[in-house]
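Morning, everyone. One structure today, and I'll keep it brief. Please have a look at it first.

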Amino acid sequence: YAPLSEVDPEVQNIIDKETWRQYSGLELIASENLTSRATMEANGSILTNKYSEGLPNARYYGGNEWIDELEILCRKRALEAFHLDPAKWGVNVQPYSGSTANFAALTALLQPQDRLMGLGLPDGGHLTHGYYTAKKKMTASSIYFQSLPYGLDPQTQLIDYEALARQARIFKPRLVICGASAYPRDWDYASLRKTADEHGAYLMADIAHTSGLVAAQELADPFQYCDVVTTTTHKTLRGPRAGLIFFRKDGDNHKDLEKRVNDAVFPACQGGPHNNTIAGIATSLLQASQPSWKAYAKQVVKNAQALAAELVKNGYKLQTGGTDNHLVLWDLRPLGLTGSKVEKVGDLLGITINKNAVSGDASAQVPGGIRLGTSALTSRNMLEDDVRVVADFLHRSVQLSLLLQKEAGSKLLKDFVRVATTETEGKVGAQKV
Ligand code: PLP
């Protein structure tokens, strides 16, 4: 029962350093957030000790009385958080992550080598939506299924729904996937439903990025149109790292969907559920069902819009010119900078961002932009005025990146890196977290 700091000071020290990095820096990664203390307590609890393969009241191990209660509670809260009628929707809360949730959903909906269409990765889609390159089928979603990506209108940088419908008439998909990792606008689910129906295809939304905003009803409702909705729980939803799969139960098309989804999660794709994580999900869903959640989600969007407006005011180019959700895609190509350079400079300055492909990039390996998100800043109670200050820091980081690019290999660059690195180390050393 000795604490971590006694049993393993080396790991404790790494946790302390990471804690300081998270507390002292500005977290702008759009897929990250800061979970509540309550969620982390549940996630770090004794529930990690228990095996519970199967579903509530149908387990392959004994001793699951309380685990059953927990999973039933988590499912109930998931349906409540997304305003779903339990007669029409069910949910599986066992997926270990968004990727496993997606693969389990594909396993439930498709036969091997069936056809699916998802937003292409360079246009903001996720790897698990069928991504492959000219050289390689590198994701399970393209290895085990036939995949055709749809994309953005090069002029508007919005999803080209008409082109998608035309592609679908030739490709005849069995599944259309919507949702993205880097798309700053909302989705036209009605149009996607129409296209899916033309081919008797399923429609699945992966709302990993936006689920916290969907729960708050700040974005269009995918549940109105989709057969299956998947999400991660750790992005805008602010929970532990995991996934959820929602499935429709009503209508002829969905008769056995519940069984197919549950069987796809276990035993097809996973073993025993991570009960400590399910407890963390339940706690975060409780928080996402409270009236204060709506205010949080509204503020996330307002902050993203304030950030976007400030960058535009400074003359920068954003994909689609702004945002409807929590993220901003900043196109650095007009400045002659790559996303990776600005990401590195950000690291030295304590501003955490990630390089990201922007529409029209020649290669996804050398992304021409960066992705910014406001979920974590908003969890720290930042408002629009604070975010405008952050936009100014970003503006200065980019100007610094330009200067350093010009001075590549020079003493100025080396000195800067040395000072920035020593400063960071100094802070970590000086501060007992
Ligand atoms: N789906 C989308 C849209 C994502 O953006 C991500 C992760 O960034 C995932 C799925 C995968 O989630 P995970 O990293 O939990 O496997």
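Predicted model: local features only at pLDDT ≥ 70, side-chain atom pairs only at ≥ 80, totals over all residues.

The protein chain has 16 helices and 15 strands. Its C-alpha atoms fill a box of roughly 65 × 60 × 45 Å along the principal axes.

Now the inside. Buried residues are 46% of the 433. Take the contacts with a separation of 6 or more: 71% of them join residues 24 or more positions apart.

On to the core. The largest nonpolar core holds 104 residues. Those with the most contacts inside it are Ala105, Met204, Val228, Ile245 and Leu307. Which helix gives the most to this core? Helix H12, residues 291-313, with 9 residues.

Stay with Leu307. Leaving aside residues up to four places away in sequence, Leu307 touches Val328, Leu372, Thr374, Val387, Val390 and Ala391.

That brings in helix H15, residues 384-406. The axes of H12 and H15 come within 9 Å. They cross at roughly 40 degrees, and H12 and H15 are therefore oblique to each other. The crossing is right-handed.

Who meets whom? From H12, we have Lys302, Asn303, Ala306, Leu307, Glu310 and Leu311. They meet Glu384, Val387, Arg388, Val390, Ala391 and Leu394 in H15.

That's my tour. Over to you.

Methods:
Residues numbered from 1 in each chain as written. Helix = DSSP H or I, 4+ residues; strand = E, 2+ residues; numbered from the N terminus. Buried ≥ 20, exposed ≤ 12 C-beta atoms within 10 Å, placed from the backbone. Contact = placed C-beta atoms within 7 Å. Core = buried A, V, L, I, M, F, W, Y, C linked by C-beta atoms within 7 Å. Axes fitted to C-alpha atoms, helices over the stretch in contact; angles between N-to-C directions. Parallel < 35°, antiparallel > 145°, perpendicular 65-115°, else oblique. Left-handed = near helix turned anticlockwise from the far one by under 90°.
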